[in-house]
Amino acid sequence: MDSSSCIQEDRIVNAQNRARLNWEIACERLRFTLDGFDGRDAQATELADAIELVRTALQALQLAFAADSASSTGPTDNS
């Protein structure tokens, strides 16, 4: 594996890690919004914003992991 391949792989892994972190944060925000972490019910706009964050984070996950599958050599047959 040459250095440019290693750099590309590092970028993919970094993008995946960022996407995972954003996903966790978005899900936590949605949970707090639904649970009313400060003792009040969620407002419609807060809920819509939290759902939008989750949707955006899911898209980022899909893109990050699609880049990994596009760069791989294909599925491994372990049978």
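This report describes helices, contacts, salt bridges and cysteines in a predicted model.

## Helix α1

Helix α1 comprises residues 3-35. With 33 residues at 1.5 Å each, α1 should span 48 Å, and the distance of 48 Å between its end C-alpha atoms agrees with this expectation. Glycine 36 follows α1 and has a positive phi, near 60°.

The buried residues of α1 are Ile12, Gln16, Ala19, Ala26 and Thr33.

Leaving aside residues up to four places away in sequence, threonine 33 touches Ala42, Glu46, Leu47 and Ala50. Of these partners, Glu46, Leu47 and Ala50 fall within the range of helix α2, residues 44-71.

Glutamine 16 is also placed in helix α1. Its relative accessibility is 7%, and glutamine 16 is therefore classed as buried. With the same exclusion of residues up to four places away in sequence, glutamine 16 touches Ala64, Phe65 and Asp68.

Asparagine 17, likewise in helix α1, is partly exposed, with a relative accessible area of 37%. The C-alpha atom of asparagine 17 is separated by 8.8 Å from that of alanine 64, although the two residues are 47 apart along the chain. Alanine 64 is also one of the residues touched by glutamine 16.

## Salt bridges

Three salt bridges are present in the structure. Arginine 31 takes part in a salt bridge with glutamate 28, in which the closest N and O atoms are 2.7 Å apart. Arginine 31 also meets the side chain of aspartate 35 in a salt bridge, at 3.6 Å from N to O. Within helix α1, glutamate 28 lies three residues from arginine 31, about one turn of the helix, while aspartate 35 lies four residues from arginine 31, again about one turn. An α-helix has 3.6 residues a turn, so residues three or four places apart point the same way. Glutamate 28 is partly exposed at 33% relative accessibility, and arginine 31 is partly exposed at 39%. Aspartate 35 has a relative accessibility of 52% and therefore counts as exposed, for which the limit is over 50%.

Another salt bridge joins arginine 55 to glutamate 52, with the closest N and O atoms 2.4 Å apart. Because arginine 55 and glutamate 52 are three residues apart in helix α2, about one helical turn separates them. Both are partly exposed: arginine 55 has a relative accessibility of 39%, and glutamate 52 has one of 37%.

## Aromatic rings and cysteines

The count of aromatic pairs is zero. A charge does sit over a ring, however: arginine 31 lies over the face of phenylalanine 32, at 4.7 Å from the ring centre.

A disulfide is a covalent bond between the sulfur atoms of two cysteines. The search of the whole structure finds zero disulfides. Cysteine 6 has a relative accessible area of 32% and is partly exposed; cysteine 27, at 28% relative accessibility, also counts as partly exposed.

Technical notes. Residues are numbered from 1 along each chain as its sequence is written. This is a predicted model: local features need pLDDT of at least 70, side-chain atom pairs count only at pLDDT 80 or more; totals for chains, interfaces and linings use all residues. Side-chain values use heavy atoms; hydrogens and water are left out. Rings of Phe, Tyr and Trp (its six-membered ring) pair if their centres lie within 6.5 Å; planes under 30 degrees apart count as stacked, over 60 as edge-to-face and the rest as tilted. A charge sits over a ring if NZ of Lys or CZ of Arg is within 6 Å of the ring centre and within 35 degrees of the ring normal. A disulfide is a pair of cysteine sulfur atoms within 2.5 Å. Buried means under 20% relative accessible area, exposed over 50%, partly exposed in between (1.4 Å probe, protein chains only). Helices (H or I, at least four residues) and strands (E, at least two) are DSSP runs, numbered from the N terminus. Contact means heavy atoms within 4.5 Å. The expected span of a helix is 1.5 Å times one less than its number of residues. A salt bridge is a side-chain nitrogen of Lys or Arg within 4 Å of a carboxyl oxygen of Asp or Glu.
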